[in-house]
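Biologist: Let us go through this model together. I will ask, and you answer briefly.

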Amino acid sequence: MKSKTFDFSLYVITGENYHPGRKLEQVMEQALRGGADIVQLRAKDAPKREVLAQARMLRDLTARYQVPLIINDHLDIAQAVSADGVHLGQEDLPLAEARAILGPDRIIGISTHNIAQALEAQAGGADYIGVGPVFPTGTKPGRQAVTTSYVREAAERVTIPFVAIGGITLDNVDAVLEAGAKRVCAVSAIVGSAEPAETCRAFKHRLRAFAAMA
Ligand code: 3NM
């Protein structure tokens, strides 16, 4: 897959805790059917071999839909399954080291929680950044929400793609888009919904409506 030609508006991250009794593969296939344009495997507490097995499954699934696969944190797993890239938090392997390992062609995304981190990631060669958590979220408990004011600041000052993340639902996504986000990311609102495909379609509808107004 030509990783660096990627673009996306709806970014879906896995969250197995949100769909007990439903298989990861089914839920993510539904998200892809509904229009997810990029998928991240995020399995913070799973044993590494299980993450690897999930990564292999998602590599096959995302390839069928021609959608990039990003692996949270584990560069070795990303390489083992030929994922399109990795996503790194502020406490993970630094961007420069990750780039040295993965080379120029893989996507590297960085979580940022303020404009200084955003500009640092941009200057360091990140392909995209996360901007969040916009709203309080049970997926990352205990983290202070950055509110839509950080989204607004990112829209003004960040020149690489940025994706708003954290507590985003169909009920509040318009506020995020109004603040200037062109890309949004969700875990619980999508993988925890009864109909992930329908939910993705509804998110895409909002994203398209705002893109048409711009
Ligand atoms: N990263 P939900 S917020 C994984 O701000 C993640 O960097 C965040 O999950 C950040 O859509 C977050 O369920 C949780 O709120 C997103």
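Biologist: Over residues 10–190, how far apart are the end C-alpha atoms?
Modeller: Keep in mind that this is a predicted model. The chain over residues 10–190 is 39% helix and 18% strand. UniProt, in an unreviewed entry, places the feature "domain: Thiamine phosphate synthase/TenI" on that stretch. Its end C-alpha atoms are separated by 11 Å.

Biologist: At roughly what angle do the axes of H1 and H9 cross?
Modeller: H1 covers residues 24–33, and H9 covers residues 196–213. Their crossing is right-handed. The axes come within 7 Å, and the angle is roughly 30°.

Biologist: Which residues of H9 does H1 meet, and how many residues of the contact are nonpolar?
Modeller: H1 brings Val27, Gln30, Ala31 and Arg33. Across from them in H9 sit Pro196, Ala197 and Cys200. The contact has one polar residue, one charged residue and five nonpolar ones.

Biologist: How are H5 and H6 packed, right-handed or left-handed?
Modeller: H5 spans residues 115–123 and H6 residues 147–157. Their axes lie 10 Å apart, at an angle of about 35°. The crossing is right-handed.

Biologist: How many charged residues does the contact of H5 with H6 hold?
Modeller: From H5 come Ile115, Ala118 and Leu119. From H6 come Glu153, Ala154 and Arg157. Glu and Arg count as charged, so Glu153 and Arg157 fall in that class. With four nonpolar and no polar residues, the charged number two.

Biologist: How many residues of the shell around the ligand are polar?
Modeller: The ligand is surrounded by 16 residues. The closest are Gly132, Thr137, Thr139, Val187 and Ser188. Seven of the shell are nonpolar and one is charged; the polar ones number eight.

Key:
Residues are numbered from 1 along each chain as its sequence is written. This is a predicted model: local features need pLDDT of at least 70, side-chain atom pairs count only at pLDDT 80 or more; totals for chains, interfaces and linings use all residues. Axes are lines fitted to C-alpha atoms, for helices over the stretch in contact, and angles run from 0 to 180 degrees between N-to-C directions. Helices (H or I, at least four residues) and strands (E, at least two) are DSSP runs, numbered from the N terminus. A crossing is left-handed if the near helix is turned anticlockwise from the far one by less than a right angle, and right-handed if clockwise. Two residues are in contact if their C-beta atoms, placed from the backbone, lie within 7 Å. A residue is near a molecule or strand if its C-beta atom, placed from the backbone, lies within 6 Å of it. UniProt positions are given in the numbering used here, feature names are shortened, and annotations may be inferred rather than shown by experiment.
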